[in-house]
Amino acid sequence: MQTLTFTIPIKPVTKKNHSNIVTLKTGRTILLPSKAYIAFEKEVCKFIKSEFGTKFTPIDTPINVKAIYYQDSNRRADLCNYHAALHDALVKAKLIQDDNFKIIASTDGSKVLVDKHNPRVEVEITKLEEN
(Lines give C-alpha, C1' and ligand atoms only; values in the text may rest on other atoms or scores of the structure.)
Protein backbone atom coordinates (compact mmCIF):
# COMPACT_ATOMS: atom_id res chain seq x y z
CA MET A 1 0.00 0.00 0.00
CA GLN A 2 1.43 3.34 -1.02
CA THR A 3 -1.77 5.41 -1.11
CA LEU A 4 -5.44 4.60 -0.53
CA THR A 5 -7.96 7.18 -1.72
CA PHE A 6 -11.71 6.89 -1.17
CA THR A 7 -14.79 9.00 -0.50
CA ILE A 8 -17.18 8.04 2.27
CA PRO A 9 -20.60 9.28 1.09
CA ILE A 10 -21.82 10.10 4.60
CA LYS A 11 -22.31 13.37 6.45
CA PRO A 12 -19.38 13.73 8.86
CA VAL A 13 -20.19 13.72 12.57
CA THR A 14 -18.19 14.16 15.74
CA LYS A 15 -17.95 11.66 18.53
CA LYS A 16 -17.85 14.16 21.38
CA ASN A 17 -20.95 16.28 20.79
CA HIS A 18 -24.29 15.04 22.11
CA SER A 19 -22.85 12.07 24.00
CA ASN A 20 -25.11 10.31 26.48
CA ILE A 21 -24.29 10.05 30.19
CA VAL A 22 -25.68 6.83 31.63
CA THR A 23 -25.81 5.89 35.31
CA LEU A 24 -25.39 2.18 35.94
CA LYS A 25 -27.14 0.27 38.74
CA THR A 26 -23.87 0.37 40.65
CA GLY A 27 -24.06 4.18 40.70
CA ARG A 28 -21.11 4.53 38.33
CA THR A 29 -21.65 6.81 35.33
CA ILE A 30 -20.34 6.17 31.84
CA LEU A 31 -20.26 8.24 28.69
CA LEU A 32 -21.78 6.66 25.58
CA PRO A 33 -21.44 8.00 22.04
CA SER A 34 -24.40 9.76 20.43
CA LYS A 35 -26.88 7.97 18.17
CA ALA A 36 -25.54 10.06 15.28
CA TYR A 37 -21.99 8.80 15.87
CA ILE A 38 -23.12 5.19 16.25
CA ALA A 39 -24.95 5.45 12.89
CA PHE A 40 -21.87 7.11 11.30
CA GLU A 41 -19.57 4.36 12.57
CA LYS A 42 -21.93 1.65 11.30
CA GLU A 43 -22.11 3.27 7.84
CA VAL A 44 -18.32 3.70 7.67
CA CYS A 45 -17.84 0.02 8.55
CA LYS A 46 -20.33 -1.02 5.86
CA PHE A 47 -18.62 1.25 3.31
CA ILE A 48 -15.10 -0.03 4.13
CA LYS A 49 -16.28 -3.64 3.91
CA SER A 50 -17.84 -3.00 0.48
CA GLU A 51 -14.73 -1.15 -0.78
CA PHE A 52 -11.96 -3.37 0.58
CA GLY A 53 -13.64 -6.64 1.50
CA THR A 54 -13.23 -8.56 4.72
CA LYS A 55 -9.80 -10.04 3.97
CA PHE A 56 -8.01 -6.70 4.05
CA THR A 57 -5.12 -6.73 6.52
CA PRO A 58 -5.39 -3.73 8.88
CA ILE A 59 -2.72 -1.10 8.34
CA ASP A 60 -0.17 -1.24 11.15
CA THR A 61 2.64 1.00 9.85
CA PRO A 62 3.00 4.80 10.08
CA ILE A 63 0.54 6.66 7.85
CA ASN A 64 -0.77 10.13 7.10
CA VAL A 65 -4.57 10.29 7.10
CA LYS A 66 -5.63 13.33 5.09
CA ALA A 67 -9.37 13.86 5.45
CA ILE A 68 -11.49 16.58 3.91
CA TYR A 69 -14.79 16.79 5.74
CA TYR A 70 -17.62 18.33 3.72
CA GLN A 71 -20.39 19.33 6.10
CA ASP A 72 -23.86 20.33 4.96
CA SER A 73 -23.92 23.78 6.58
CA ASN A 74 -21.59 26.59 7.57
CA ARG A 75 -21.84 25.85 11.30
CA ARG A 76 -18.74 25.94 13.48
CA ALA A 77 -16.77 22.73 13.36
CA ASP A 78 -13.86 21.30 15.31
CA LEU A 79 -11.44 19.46 13.03
CA CYS A 80 -9.94 17.36 15.83
CA ASN A 81 -13.39 16.06 16.81
CA TYR A 82 -14.06 15.01 13.21
CA HIS A 83 -10.67 13.25 13.21
CA ALA A 84 -11.50 11.39 16.44
CA ALA A 85 -14.75 10.08 14.95
CA LEU A 86 -13.23 9.07 11.61
CA HIS A 87 -10.16 7.44 13.13
CA ASP A 88 -12.21 5.43 15.63
CA ALA A 89 -14.54 4.31 12.82
CA LEU A 90 -11.56 3.24 10.65
CA VAL A 91 -10.27 1.14 13.56
CA LYS A 92 -13.72 -0.38 14.12
CA ALA A 93 -13.90 -1.18 10.37
CA LYS A 94 -10.47 -2.86 10.70
CA LEU A 95 -8.92 -0.71 7.98
CA ILE A 96 -6.26 0.44 10.45
CA GLN A 97 -5.03 -1.53 13.44
CA ASP A 98 -5.07 1.35 15.93
CA ASP A 99 -5.33 5.13 15.89
CA ASN A 100 -2.33 5.79 18.13
CA PHE A 101 0.56 8.04 17.07
CA LYS A 102 2.67 5.09 15.92
CA ILE A 103 0.17 4.33 13.16
CA ILE A 104 -1.65 7.61 12.46
CA ALA A 105 1.53 9.65 12.55
CA SER A 106 0.03 12.73 10.89
CA THR A 107 -3.12 14.25 9.44
CA ASP A 108 -1.45 16.78 7.14
CA GLY A 109 -3.72 18.40 4.56
CA SER A 110 -6.97 17.81 6.46
CA LYS A 111 -9.66 20.49 6.57
CA VAL A 112 -13.38 21.19 6.85
CA LEU A 113 -15.36 22.57 3.91
CA VAL A 114 -19.04 23.03 3.10
CA ASP A 115 -21.08 21.27 0.41
CA LYS A 116 -24.76 21.66 1.26
CA HIS A 117 -25.86 19.16 -1.39
CA ASN A 118 -23.22 16.45 -0.98
CA PRO A 119 -21.82 16.07 2.55
CA ARG A 120 -19.05 13.48 2.64
CA VAL A 121 -15.56 12.61 3.84
CA GLU A 122 -12.74 12.36 1.30
CA VAL A 123 -9.89 10.27 2.69
CA GLU A 124 -6.35 9.80 1.45
CA ILE A 125 -4.13 7.42 3.42
CA THR A 126 -0.44 7.58 2.56
CA LYS A 127 2.27 5.31 3.92
CA LEU A 128 5.06 7.17 5.69
CA GLU A 129 8.67 6.16 6.01
CA GLU A 130 9.39 4.38 9.28
CA ASN A 131 12.12 5.92 11.41
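Tutor: Buried means under 20% relative accessible area. Keep that cut-off in hand. One more point first: this is a predicted model.

Student: Is tyrosine 37 buried or exposed, then?

Tutor: Tyrosine 37 has a relative accessible area of 1%, so it is buried. Phenylalanine 40 is buried as well, with a value of 3%.

Student: How do I describe a pair of aromatic rings?

Tutor: Use the distance of the centres and the angle of the planes. Here, tyrosine 37 and phenylalanine 40 form a tilted pair.

Student: How many aromatic pairs does the structure hold?

Tutor: It holds 5. Phenylalanine 6 and phenylalanine 47 make one of them, also tilted, at 6.1 Å centre to centre and 40 degrees between the planes.

Student: Which parts does the pair of phenylalanine 6 and phenylalanine 47 tie together?

Tutor: Phenylalanine 6 belongs to strand β1 (residues 3-8), and phenylalanine 47 to helix α1 (residues 35-52). The pair therefore ties together parts that are 41 residues apart in sequence. Both phenylalanines are buried. Ring pairs also join Phe6 and Phe47 with Phe52 and Phe56 in a cluster.

Student: What lies over the face of tyrosine 70?

Tutor: Arginine 120 does, at 3.7 Å from the ring centre.

Student: Where do nonpolar side chains tend to be in soluble globular proteins?

Tutor: They tend to be buried together. In this model, the largest nonpolar core has 28 residues. Phe6, Ile8, Leu86 and Ile125 touch the most other members. At least two residues of this core come from each of β1, α1, β4 (63-71), α2 (79-92) and β7 (120-127).

Student: Which residues is leucine 86 in contact with, leaving aside its neighbours within four places in sequence?

Tutor: Ile8, Phe40, Val65, Ala67, Tyr69, Val121 and Val123.

Student: Now the strands. How do side chains run along a regular strand?

Tutor: They alternate between the two faces of the sheet. For a pair of strands, look at β2 (residues 20-23) and β3 (residues 29-32). These strands pair in the antiparallel sense over 4 bridges.

Student: Which residue in β3 is the bridge partner of isoleucine 21?

Tutor: Leucine 31.

Student: How many residues lie between the strands of that hairpin?

Tutor: There are 5 between β2 and β3. Check glycine 27 in the hairpin: it takes a positive phi near 95 degrees.

Note on methods: Residues are numbered from 1 along each chain as its sequence is written. This is a predicted model: local features need pLDDT of at least 70, side-chain atom pairs count only at pLDDT 80 or more; totals for chains, interfaces and linings use all residues. Side-chain values use heavy atoms; hydrogens and water are left out. Rings of Phe, Tyr and Trp (its six-membered ring) pair if their centres lie within 6.5 Å; planes under 30 degrees apart count as stacked, over 60 as edge-to-face and the rest as tilted. Buried means under 20% relative accessible area, exposed over 50%, partly exposed in between (1.4 Å probe, protein chains only). A charge sits over a ring if NZ of Lys or CZ of Arg is within 6 Å of the ring centre and within 35 degrees of the ring normal. Two strands pair if DSSP finds at least two bridges between them. A nonpolar core is a set of buried Ala, Val, Leu, Ile, Met, Phe, Trp, Tyr and Cys residues joined through side-chain atoms within 4.5 Å. Contact means heavy atoms within 4.5 Å.
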